[in-house]
Amino acid sequence: MRVQLVPPQSVTEPRLWVRPEQVLGMVLRPGSIEMGVRRTELTEFRYVAGEMILPHRHEGKWVGLMNATYLQLSISDEALMAASDREVELRMYRKFADPRLRGLVAAVHVEMAAGFPNGRLFLDSVEQAIALALINGHAVGQRPVQRHRGGLGSARLRKIKELVDANMDDDLSLDEMAQSVKLSTAHFARMFRKSTGQTPHQFVRRQRVERAKAILRAPDTRVLDVAVACGFKTQQHFAQVFRDVCGVSPTEYRQDFWFPKINGASDAVPQDALRP
């Protein structure tokens, strides 16, 4: 999934935009955009933050004055077909509201603002969720998404864990995980969650935290080095994820490991055991 921030543009001469892939846009701040199917017939659409645009793929539209900032996501054909098990046509909207899609796109916006700290796997997972929401809510002549019983077998789960362990400091994608067990991306994502109760992104995040906990038990290891070794792009992101999973910061975890509290009190901690 490609993510692009489109700022307001001062160009007043209408220009033809054609998108080879399916895109979804969400307006980030109130504004307006002139659009139409003909160069000489443009209509001004006014937007509030959170309203969305879903154009037809491969079909050109004329765009005039644009006084709105919006986030544009390019959804792959593979994600859409995997979500529906067939090729589908989506409705076209110049302006619409969808709370579920708004929440998903907002999550991508937050991720982009932070510098994409969660990597490709996070974006792949969100793309799958967006594709499913588009199919379920905005497809023409849709049919129910195929459901699969059961989950991944123990051999496949073991292979996935081995892949994650071997690539802990790498930016794994959902597609790479699915290919390793010879499944389509959408089928793998559904089966993995059915088997583990977690999304692939949640699983990888927890595996990284578990490895971090093991490394933190060495008192002379810097927190920054632990973050890098476990695939986190920044020490701040590592600390945030670690606290989300464990309820304490990495430094607090190491302190509790080496100097557990007894009856609400704890001994003084040597400074070299808590190097940041």
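How are α7 and α9 oriented relative to each other? Keep that one in mind while we get our bearings, and we'll come back to it.

What you're looking at is a predicted model, in which local features need pLDDT of at least 70 and side-chain atom pairs count only at pLDDT 80 or more, while totals for chains, interfaces and linings use all residues. Residues are numbered from 1 along each chain as its sequence is written, and side-chain values use heavy atoms, with hydrogens and water left out.

Let's start with the whole chain. Of the 276 residues, 44% count as buried. Here buried means under 20% relative accessible area, exposed means over 50%, and partly exposed is in between, using a 1.4 Å probe and protein chains only. Now take contacts, meaning heavy atoms within 4.5 Å. Among those in the chain between residues at least 6 apart in sequence, 74% join residues at least 24 apart.

Next, the inside. In soluble globular proteins, nonpolar side chains tend to be buried together. A nonpolar core is a set of buried Ala, Val, Leu, Ile, Met, Phe, Trp, Tyr and Cys residues joined through side-chain atoms within 4.5 Å. The largest such core here holds 27 residues, and L24, I75, L101, V105, I130 and L134 touch the most other members. The elements giving two or more residues to this core are strands β3 (22-27), β6 (52-54) and β8 (70-75), along with helices α1 (77-84), α2 (99-113) and α3. Of these, α3 gives the most, with eight residues. For a closer look, pick V105: not counting residues up to four places away in sequence, V105 touches L24, M26, M52, L71, L73 and I130. There is also a second, separate core of 18 residues, which includes A178, F188, A189 and V204.

Helix α3 (residues 119-138) also meets helix α7 (residues 200-216): their axes come within 9 Å and cross at roughly 155 degrees. The axes are lines fitted to C-alpha atoms, for helices over the stretch in contact, and the angles run from 0 to 180 degrees between N-to-C directions. That makes α3 roughly antiparallel to α7. The cut-offs go like this: under 35 degrees is roughly parallel, over 145 roughly antiparallel, 65 to 115 roughly perpendicular, and the rest oblique. On the α3 side the contact is made by L121, F122 and S125, and on the α7 side by P200, H201 and V204. By class, that contact has four nonpolar, two polar and no charged residues. In this scheme Ala, Val, Leu, Ile, Met, Phe, Trp, Tyr, Cys and Pro are nonpolar, Asp, Glu, Lys and Arg are charged, and the others, Gly among them, are polar.

Now back to the opening question. α7 and helix α9 (residues 235-246) pack at an angle of about 100 degrees, with their axes 10 Å apart, so the two are roughly perpendicular to each other. In this contact R205, R206, V209, A212, K213 and L216 of α7 meet F238, V241, F242, D244, V245 and C246 of α9. Those residues divide into eight nonpolar, no polar and four charged.

Helix α6 (185-196) is where you'll find A186, which is buried, with a relative accessible area of 3%. Leaving out residues up to four places away in sequence, A186 touches A82, A83 and Q128. The C-alpha atoms of A186 and S125 are separated by 9.4 Å, although the two residues are 61 apart along the chain.

Finally, the loops. Between α6 and α7 sits Q198, which is buried at 19% relative accessible area. Neighbours within four places aside, Q198 is in contact with F192, R193, F203 and R206.

Most residues other than glycine have a negative phi. F116, in the loop between α2 and α3, has a positive phi near 55 degrees and counts as partly exposed at 24% relative accessibility. K182, in the loop between α5 (174-180) and α6, has a positive phi near 60 degrees and counts as exposed at 70% relative accessibility.

Notes:
Helix = DSSP H or I, 4+ residues; strand = E, 2+ residues; numbered from the N terminus.
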